[in-house]
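Colleague: I am new to this structure and would like to learn how to read it. Could you take me through a few features, one at a time?

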Amino acid sequence: MLGEGIIKGMAETARNFLGSYVKEDRLTTVQYPEERLPQKEAARNFPFLVYDGNDPQAGLRCVACQICEKECPPQCIYIIKSKDKKTDHAGKPQLYPAVFDIDVSVCMSCQICVEVCPFDAIKMDTEFELSTADRFDGLLLHKEELAKSNIYLRQLHPTEAAEADARLAAERIKAEAKAKADAEAKAKAAAAPKTSVPAPASAAAK
């Protein structure tokens, strides 16, 4: 039917207009910035780096594998690997990013960096009030600005954060069990009595 889409759109507009007098959920606008609508869990804007614990540097999940940098379509991520290593959540020594920059003036919010990260180290933020007069340095975010706690992630994306926490906890338990088993094996090997090797018969006759 010709014009069916227009009629449906006008009907939805009329439903919201009339319903706004009796139902709050029909209020499609708010008095911003005094009033703000809560962000949806699936909302996303620009990436940030996740860290565990209280120290943004020591707890940073990123190991500078550079997968996100390589897969980023607009090439807005810049990473330099560290020369030394730090212990990660599973107790393994890992590299970390000495430099991690994201140019949000170029970022297209595609979330590919999040999907390819094997360490749950980068997630999408919902912050959108990023206007600045400096479109160069003001929109080039460094590691210190990008690092945000796992608590912050739980507030933004609770479902995604819970899945990541469960996965990391399982990896930590597995690593601890392996380390304990290795330590016990070494202790048993050290405590076992050493058996002397008998000399050959020809050597004993001499």
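Modeller: Start with Asn45, which touches Ser109, Met124, Asp125, Thr126, Glu127, Phe128 and Leu130, with residues up to four places away in sequence not counted. Contact here means heavy atoms within 4.5 Å. This is a predicted model, in which local features need pLDDT of at least 70 and side-chain atom pairs count only at pLDDT 80 or more, while totals for chains, interfaces and linings use all residues. Residues are numbered from 1 along each chain as its sequence is written, and side-chain values use heavy atoms, with hydrogens and water left out.

Colleague: Where is Asn45 placed? Is Asn45 buried or exposed?

Modeller: Asn45 lies in the loop between α1 (4-19) and β1. Helices (H or I, at least four residues) and strands (E, at least two) are DSSP runs, numbered from the N terminus. The relative accessible area of Asn45 is 15%, so Asn45 is buried. Buried means under 20% relative accessible area, exposed over 50%, and partly exposed in between, using a 1.4 Å probe and protein chains only.

Colleague: How should I read the sheet, and what is the order of its strands?

Modeller: Strands of a sheet pair through backbone hydrogen bonds, either parallel or antiparallel. Two strands count as paired if DSSP finds at least two bridges between them. Here an open sheet of 3 strands runs in the order β6-β1-β8, with mixed pairing. Its edge strands, β6 (122-124) and β8 (147-149), each pair on one side only. Strand β1 (residues 47-51) is antiparallel to β6 and joined to it by 3 bridges.

Colleague: Which residue in β6 is the bridge partner of Pro47?

Modeller: That partner is Met124. Met124 is also in contact with Leu156, as are Glu41, Phe48, Asp125 and Thr126, leaving aside neighbours of Leu156 within four places in sequence. Leu156 belongs to helix α5 (residues 150-156) and is buried, at 17% relative accessible area. Leu156 and Met124 are 32 residues apart in sequence, but their C-alpha atoms are 9.0 Å apart in space.

Colleague: How many disulfides are there?

Modeller: A disulfide is a covalent bond between the sulfur atoms of two cysteines. The test is a pair of cysteine sulfur atoms within 2.5 Å. A search of the whole structure finds 0. For Cys62, the nearest cysteine sulfur is that of Cys68, 6.2 Å away. For Cys76, the nearest is that of Cys72, 3.6 Å away. Cys76 is buried, with a relative accessible area of 8%.
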